[in-house]
Amino acid sequence: MGAIKTVGVIGGGAWGTALALTAARAGRDVRLWARDPAVVSDIRSRRQNARYLPGITFDEDLNATNSLAEAADVDAILLVTPAQTTRAMLAALKKTGKVRGPVVLCAKGIEQSSGKLLSKVMSEELPGVEPGVLSGPSFADDVARGLPTAVTIAATSTKTALSLCEALQSPSFRPYASIDILGTQIGGALKNVLAIACGAVAGRKLGASAQAALTARGFAELSRLGAAMGAQSETLTGLSGLGDLVLTCSSSQSRNFSFGLRLGEGFMASDLISAGGKLAEGAYSARVAVKLAEKYDVEVPICETVARMIDEDLTIDDALNTLMARPLKAETEGI
């Protein structure tokens, strides 16, 4: 593919706006689609997205629009809507008849209804369009403010991955190219589930030692399942795997960590989900992750515990006792 000059960003939330700013800083002509007319108006008139990125005013020129066809008529599309709405948004993009370049999946999750990775969903809804995946340790607020950030951008071909990296690279945003689409998605989806567990430990005030142990053992689960599914080990230990896991398991800026924090403080999962607000993708991916682990015959006790907490089948105290009472085992082979 040729050089990417125009970029469409589908999704006017915090992450979508941050990525639109990133593309603009890289010199691209950006078209940012938002469903909410008030968000479009705010970006156009005040160069702000006060609803999703309060306190940030930007100098970059973003062409905000409510027209999906206008945003889709570009060289490359960044799809930055929630994982559970990906299928519907891809179908809507197809209806525009404008999609001609790669579509980069920027949500981190697994389709709850089918248990499919989002690239598989895309192959069903937009056959013939090359998928990409953007993932890694990144908070929308940091990226929007131009703070240093590094991510992974994966595509099915090296040429496309490098072209996408070039299109988004700036002094504050460094993308690394990959062709491991599967591994890049697995890391992004599973770290959300594990971040809920770490948040619950923090909310229950169980200490930094417990949180660190949970992060490390969570990475072991991510690595086992990722390897069984065919992910490259370099991907799992890289930005979209270990890097993103460390970030989201240690900061209340993470929606999933914050969701777990509330669970640890005694709130019920059903109340947190029904209350709306910022979406915690891990709440939807937990049970799917367990089913995938069963399919590939992989043990994921932390993911399973999170799924049971979300199903309200297990309290935080019972969850801790369940994990600590597991049979002793070696951390390394040969023992």
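## The cavity and its lining

By class, the residues around the largest cavity are 6 nonpolar, 5 polar and 1 charged. The model is a predicted one, and a search through the whole of the structure turns up 1 cavity of 30 Å³ or more. Its volume is about 80 Å³.

Who lines the space? The residues are L105, A107, K108, G109, L118, V133, L134, S135, T184, Q185, G188 and A189. Two elements give two or more residues each to this lining, namely β6 (131-135) and α8 (181-203). Helix α8 supplies the largest share, with 4 residues.

## Salt bridges across the chain

Let us turn to the charged pairs. Side chains of opposite charge can pair when their charged atoms come close. In this model there are 15 salt bridges.

One of them joins D75 to R100, with 3.4 Å between the closest N and O atoms. This pair links distant parts of the chain, 25 residues apart. D75 sits in the loop between α3 (68-72) and β4 (76-79), while R100 belongs to the loop between α4 (86-96) and β5 (103-105). With a relative accessibility of 21%, D75 counts as partly exposed, because the buried class is kept for values under 20%.

## Two pairs at 2.8 Å

D141 and R145 also meet through their side chains, in a salt bridge of 2.8 Å from N to O. How accessible are the two partners? D141 has a relative accessible area of 26% and is partly exposed. R145 is partly exposed too, at 47% relative accessibility, since a residue counts as exposed at values over 50%.

Another salt bridge brings together the side chains of R287 and D311, again 2.8 Å from N to O. Here R287 lies in helix α14 (residues 282-295), and D311 is found in the loop between α15 (301-310) and α16 (316-324). R287 is partly exposed, having a relative accessible area of 28%. D311 is partly exposed as well, and its relative accessible area is 44%.

Note on methods. Residues numbered from 1 in each chain as written. Predicted model: local features only at pLDDT ≥ 70, side-chain atom pairs only at ≥ 80, totals over all residues. Heavy atoms only, no water. Salt bridge = Lys/Arg side-chain N within 4 Å of Asp/Glu carboxyl O. Buried < 20%, exposed > 50% of the residue type's maximum accessible area, 1.4 Å probe, protein only. 1 Å grid on protein atoms, 1.4 Å probe; cavity = no way out; pocket = protein on both sides within 12 Å on 5 of 7 lines; lining within 4 Å. Points joined across faces, edges and corners; volume = space filled by probe spheres on them. Nonpolar A, V, L, I, M, F, W, Y, C, P; charged D, E, K, R; others polar.
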